[in-house]
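Okay, thanks for coming, everyone. Let me put the structure up, and then I'll walk you through a few pieces of it.

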Amino acid sequence: LSDKIRFPSFLRTVPSDFYQTRAMTRLIHQSGWNWIGIIATDDDNGRFALESFGIQAVANSVCIAFKELLPAYLSDRTINGKIDQALEKIVRETRVNVIVVFLRQFHVIRLFRKAIGRNISKIWIASDNWSGAVKISTIPNIKHLGQVVGFAFKSGNMSTFHNFLKNLHSMPVENNKFLSKYNMLMSACAHVNKYDLSKCVSNQSQGSVMYSASNKSQIRREDFLNANIEPGFIHSTELAVLAIAYAIRNQCKERNCKKNPFAFAPWELLEELKKVTLIDDGEEVHFDAKGDINTGYDVLLWKEIDGHMVITYMAEYDLQRDDFFFTDKDNEIEFMNFKKVQSMCSRKCRPGQMKKVSASPHTCCYECVSCPENHYTNQSDMVYCFLCNNRTHWAPVNSSMCYKKTIQYLNWNDWFAILLLVLSNLGIVLVFVISIIFTRHLATPVVKASGGLTVCYIILFCHFFTFVSTGFFIGEPTGFKCNIRQPLFGISFALCISCILIKSLKILLAFSFDPKIQTFLKCLYKPVPIVFICTGIQVLICAVWLTFRSPFVEENSSIQRVIILECNEGSLVAFGIMLGYIAVLAFICFICAFRGRKLPENYNEAKFITFGMLIYFIAWIIFIPVYATTFGKYLPAVEIIVIFISNYGILCCTFLLKCYIILYKQETNTKSAFLKMIYNYSSKSVGSLHVNRVSSDLVCTNPQIPRTDPCSKTGTENNGVNGHCDFHLSGHRMRHGKETLKNTAETTSRRRLSSI
């Protein structure tokens with residue numbers, strides 16, 4: 001009807017049904033309902049209402065569970081079956097608790113009577129056709145049907161119309177069929193109280209009532225008329241009458257309409273109507289381009305008061321703002337109470353969950369699934385979960401918010417850090433104790449044999465800084481700590497291994513009896529250059545590392561709930577080269593010490609150096625896979641433990657035995673004891689070497705031995721080519737060999753003691 005091409009002369013003072021369906025879906029949406037049923041008449045009005053409501057429902061995320069159409073007329077034979085079918089569908093759809101009804105009043109009466117008989121209790125949303133119908137609200141036991149909330153045309157000031165009703169008794173009834181029928185009905189129901197009056201009137205018919213003029217004064221029941229009028233219809237009718245009156249007045253201003261009834265044409269009146277402006281409740285209203293005056297809707301609520309159903313005003317629906325407005329707080333509370341009723345296909349997804357579409361074709365039917373880890377939803381019925389910022393926040397499964405990650409690192413007050421600090425301080429104390437012992441026994445052979453106080457101090461100094469370097473692995477990482485801890489350890493340990501390498505070369509040189517090896521070692525043995533070169537290479541490696549790819553503080557967010565504050569080494573290649581270089585020095589030291597492992601039993605330092613290097617290798621070989629697979633705040637502790645193992649191992653193998661000899665084996669810590677030990681070792685070594693040389697010299701080609709010698713057999717047997725030649729030395733020659741051996745041993749022992 002709003003299409004001016006099809007209906008150019010149609011104007012109305014009530015809103016289009018489009019706004020009514022929009023108001024209904026708005027009410028449904030705000031009440032939290034999304035699964036509703038519809039019952040409408042099978043005619044143009046009903047089908048248009050279904051189509052319009054369906055469009056508005058989709059826009060407001062409301063799904064229609066079922067649609068039932070009833071015949072437009074009660075005379076249709078199928079109407080009872082259709083009503084029963086609609087009620088059966090309502091009963092079967094247990095999740096539907098809200099029914100929208102686009103029916104005429106006589107349809108609703110029949111529908112509700114059957115629904116009451118089947119104990120159906122729902123929320124019924126009434127269209128403007130029956131929302132204010134008193135004869136429906138007075139159906140017996142209507143209160144058992146549930147709640148009824150309806151939309152009616154907006155009402156205005158009804159005082160003038162109420163005055164008109166009050167003065168009806170003074171009007172003649174001869175030519176007024178409405179008033180005549182009313183008087184007959186009131187006469188028949190004069191004995192009924194006001195609550196049952198409507199029921200009595202509806203049960204009466206004009207043919208069964210006799211009008212009595214003598215009772216005329218008693219049958220006037222103004223309260224009945226006031227209660228049974230529908231203010232919305234009255235108000236819109238008043239607006240229509242006023243609009244026509246104003247249009248005629250405007251047309252007659254310049255024309256003599258009294259003398260000429262045809263002073264203007266109908267189309268002229270139509271054009272004037274379109275321009276009319278009316279005052280409604282203090283506001284100007286006029287026809288829009290579609291010929292409608294959109295005054296809005298009143299929202300009505302059927303309430304039980306004193307045991308009787310009363311139609312009350314609850315709110316106003318504003319068409320322009322598409323919202324509801326309340327005149328009092330109690331009405332707003334009643335409106336909000338609709339949310340207590342559940343009418344949904346699926347239960348509402350809580351915060352921390354999201355919708356997952358099910359097999360149903362309706363979008364309102366879904367499953368609620370929990371948000372995965374590190375995702376959240378902070379509202380109900382979200383269609384997807386938000387992702388937390390994984391760098392700074394986290395969320396468990398089914399979370400409604402993101403939680404800030406706690407920052408962790410190997411803190412000073414951590415029990416494991418305290419244990420590591422105790423071990424580090426114990427190592428430092430051990431270094432100082434060894435330094436004091438060596439300083440107080442500076443002149444003893446053990447200290448001198450260890451390379452002297454200078455070399456011992458350098459090695460102990462390196463151990464000290466190695467223990468100190470572990471302190472930079474504990475506590476909150478900073479740029480300074482990250483840059484100092486690895487170079488301090490690497491340079492200190494490289495210097496330590498370099499000094500031990502010098503000691504290994506010195507021992508090998510002192511106790512080696514092979515002239516070729518001695519010549520090579522004498523050329524190689526340059527203590528100061530070797531130490532400077534070996535340590536300098538490590539310094540260069542660390543300098544290049546710090547210059548181009550220096551370590552830095554990094555926030556490791558790979559763990560779910562925490563941020564690990566750690567040092568990123570900058571370049572793992574440089575880190576590996578630094579450790580690999582120390583391993584190369586340790587391997588060279590191990591080889592040199594291994595060659596001298598069979599030194600005198602009373603003092604075999606090379607054997608302990610070999611054992612110390614083995615401890616180092618085992619510790620760092622284990623370190624590589626453990627370091628690569630460990631994560632979290634205890635990752636620095638892995639390297640600290642390996643440093644402790646290698647540092648304690650070398651320190652103990654290098655110095656503890658010496659300290660034991662100095663403190664508890666003082667009889668072996670004398671020059672004479674050392675000379676005797678070295679003399680015995682040298683005698684064995686030189687004797688073995690001398691016998692080897694004599695044997696080599698006596699391997700005969702044709703030895704000059706008497707024929708009576710047992711070794712002489714045949715010419716072939718005397719031939720040295722065949723390899724074996726037995727001989728006997730004279731007593732004189734044997735005595736000469738012993739004297740030579742003794743002199744050689746004495747010379748060698750003095751030289752070895754001097755070398756050591």
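So, how far apart are the end C-alpha atoms over residues 640–663, and how much of the chain there is helix? They're 31 Å apart, with 100% helix and 0% strand. Helices here are DSSP runs of H or I, at least four residues, and strands are runs of E, at least two, numbered from the N terminus.

Quick housekeeping: this is a predicted model, where local features need pLDDT of at least 70, side-chain atom pairs count only at pLDDT 80 or more, and totals for chains, interfaces and linings use all residues. Residues are numbered from 1 along each chain as its sequence is written, and side-chain values use heavy atoms, leaving out hydrogens and water.

Now, the unreviewed UniProt entry lists 640–663 as a "transmembrane region", and 451–475 is also among those listed. UniProt positions follow the numbering used here, feature names are shortened, and annotations may be inferred rather than shown by experiment. Residues 451–475 are 72% helix and 0% strand, with the end C-alpha atoms 38 Å apart.

On to strands, which count as paired if DSSP finds at least two bridges between them. There's an open sheet of three, in the order β17-β19-β18, with mixed pairing. β17 runs parallel to β19 (residues 562–568) over three bridges, and Gln 408 sits opposite Ile 564.

Elsewhere, β8 (residues 297–305) pairs antiparallel with β5 (residues 146–153) through five bridges. β8 also makes a hairpin with β9, with two residues between them.
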